[in-house]
Amino acid sequence: MGSTETKTDVPFALDELTIPQYHSALIHRRTTCAATITAYIARIHQYNSTLKAILTVNPNAVHEAYQKDQELASCIDNTDKDKSEPTLRPLHGVPVILKDTYTTAFLPTTSGVQALRTLTTDTSCTVVQNLLNKGAIILAKSNLHEFSLEGITLSSLGGQTLNPYDLTRTPGGSSGGTAVALATNMGLVGCGGDTMNSLRSPASACAVVGFRPTRGQVSRQGIVPVTETQDVAGPMGRTVGDVRILFEAMRGQDPGDPATLNPRRYQPVSHIRASKIKLGVLKDYFSDGTTTEGLTINKAICDALARLGTNSPSIDFVEIPHIPDWDVLRLRNTADTQAYEFRTILDAFLNSQTVTTPHRSLAAIAASGQYNPQAMTAVFDQTLQGGEFTPTSPEYRSRLERIESLKGSVERCFQEHGLTALVYPHQKQLVASVGCTIQPGRNGILAALTGRPAICLPAGFSPETPSAPLGIPIGIELMGQPWKDQELLALAQEFESVLAARKPPILP
């Protein structure tokens, strides 16, 4: 398996920078935190007016970078001369892009909603506190699909974020602003959220890596919620290695989020690689091949698997037979909990003691009219209806029972076939064009409902077109075993080393 750290002393270059490269450049004085942060801000100013990826730049980011440079200088001065180099905190000076659902005491938190443009909090969420403690600099907060309810990254506050590989298309979502910022080198790494597909969809559409951890690995305390059952927070980056570093900084137990108090989080990580890794190819999640786009995606994923089979002889593939209960549309219609939990959990967040906002309920936001109706989904209207769409309804309880049944079904499949992970395309069709109100064909719901870790990374591109000079990115997804996040990340890093499929977009 690949290591999470590599070092290089090549001349410093901002494009496609990784955390280990950045830290090496800092230690060997090829750059400074202040120079790097300034360069990223310049890129934001250069491209964001077109792409609409960023909502807010941290006005104190450069000052914080100067402080990090002083810390490093002091660390170097105090380092034992017998040591080769000083030891930095894992995220020392690393500029992080946050989806604008992560509360920050020093910046507003809006969830992309015009009505929440002045929402502030007395404290930052647990993840942000963790990142700052590990040395990170919060560079900016990114646009998202309003309330995190869909996958096209359209909001009343930030407008329509555009896909940098094809400006006529959306970037997926809901964490699309973070993905676009990373794809275009506006930041080093980023944080997103995932209720159904929201970390992995924009990763697939923007040729970056999006990781949905096991539910409970990362605290959700202080993050604007959609559901209790399905929400997770997770890392994004241009490489799996950077995602691994960021994940380690984000995760941890937190009394503010009971899901993190699971004793399974302490099970030992196996560093012994099995002689064979068995991956279940979930053919039901491939396109049926009736469209050109579907055929394009199938070919890209099949080609990627063929390369992996050739270059990684320790990986075996087994085709998973048809399982009707795993059908994506069936799961959305019978198990998704968003409409039943959204209003209750959002109202609780808006009324928490640390939050200051003129709107204390979803109903008040709806009455204000300060939101984008085109960005809303059926969930928005349903959850406001109450009645059936509440946590006390029989249908809600039935959905929770279906989720438990689904968890058992997936576990039996893993055990029966001796699987390390399932593998499939994240989407059955290419990312939607601007003007579409939904992003159909996404396969992320299986991990979202079962709480299993899943990662999407670049697998290839569609054929080039006049509006897409490199083609449209296509992502491959791996779903693993609960609480075995590190094993899944290591496997993804091996995939990445073989596929080497990321290409930065061509920007004007």
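Glu 319 sits in strand 11 of this predicted model, where strands are DSSP runs of E with at least two residues, helices are runs of H or I with at least four, and both are numbered from the N terminus. Glu 319 is exposed, its relative accessible area being 54%; exposed stands for over 50%, buried for under 20% and partly exposed for anything in between, with a 1.4 Å probe and protein chains only. Setting aside neighbours within four places in sequence, Glu 319 is in contact with Val 281 and Lys 283, contact being heavy atoms within 4.5 Å. Val 423 is 104 residues away along the chain, yet its C-alpha atom and that of Glu 319 are separated by 9.8 Å.

Residues are numbered from 1 along each chain as its sequence is written, and side-chain values use heavy atoms, with hydrogens and water left out. Because the model is predicted, local features need pLDDT of at least 70 and side-chain atom pairs count only at pLDDT 80 or more, while totals for chains, interfaces and linings use all residues.

Strand 11 (315–319) also turns up in the surroundings of helix 8, whose buried residues pack against it. The other packing partners of those residues are strand 10 (277–281), strand 13 (421–425), strand 14 (454–461), strand 15 (473–479) and helix 15 (485–499). Helix 8 itself runs over residues 292–311, 20 residues in total, and reaches 29 Å from its first C-alpha to its last. That is close to the 28 Å expected at 1.5 Å a residue, the expected span being 1.5 Å times one less than the number of residues. On the buried side of the tally for helix 8 are Gly 294, Thr 296, Ile 297, Asn 298, Ala 300, Ile 301, Ala 304, Leu 305 and Leu 308. As a rule, an α-helix has 3.6 residues a turn, so residues three or four places apart point the same way.

Eight of its eight residues are buried, so helix 5 is largely enclosed by the rest of the structure. The residues in question are Gly 176, Gly 177, Thr 178, Ala 179, Val 180, Ala 181, Leu 182 and Ala 183. Just after helix 5, Asn 185 takes a positive phi of about 60°.

The loop between strand 6 (159–160) and helix 5 holds Ser 174. A cis peptide bond, with omega of about 15°, joins Gly 173 to Ser 174. Ser 174 is buried, at a relative accessible area of 0%. Not counting residues up to four places away in sequence, Ser 174 touches Lys 99, Asn 143, Leu 144, His 145, Ser 148, Glu 150, Gly 151, Thr 153 and Ser 198. Leu 14 is another matter: 160 residues apart along the chain, the C-alpha atoms of Leu 14 and Ser 174 are separated by 26 Å.

Thr 153 is not a glycine, but has a positive phi of about 55°. Its place is the loop between strand 4 (137–142) and strand 5 (154–155), and at 0% relative accessibility Thr 153 counts as buried. Ser 111, also not a glycine, has a positive phi of about 55°. Ser 111 lies in the loop between strand 2 (95–99) and strand 3 (120–121) and is buried, with a relative accessible area of 1%.

Now for the whole chain. The secondary structure comes to 15 helices and 15 strands. The radius of gyration is 22 Å, close to the 23 Å that the globule rule gives for 508 residues, so the chain is as compact as a globular protein of that length; the radius is taken over C-alpha atoms, and the rule is 2.2 Å times the number of residues to the power 0.38. Along its principal axes, the C-alpha trace spans about 65 × 60 × 55 Å. Buried residues make up 60% of the 508.
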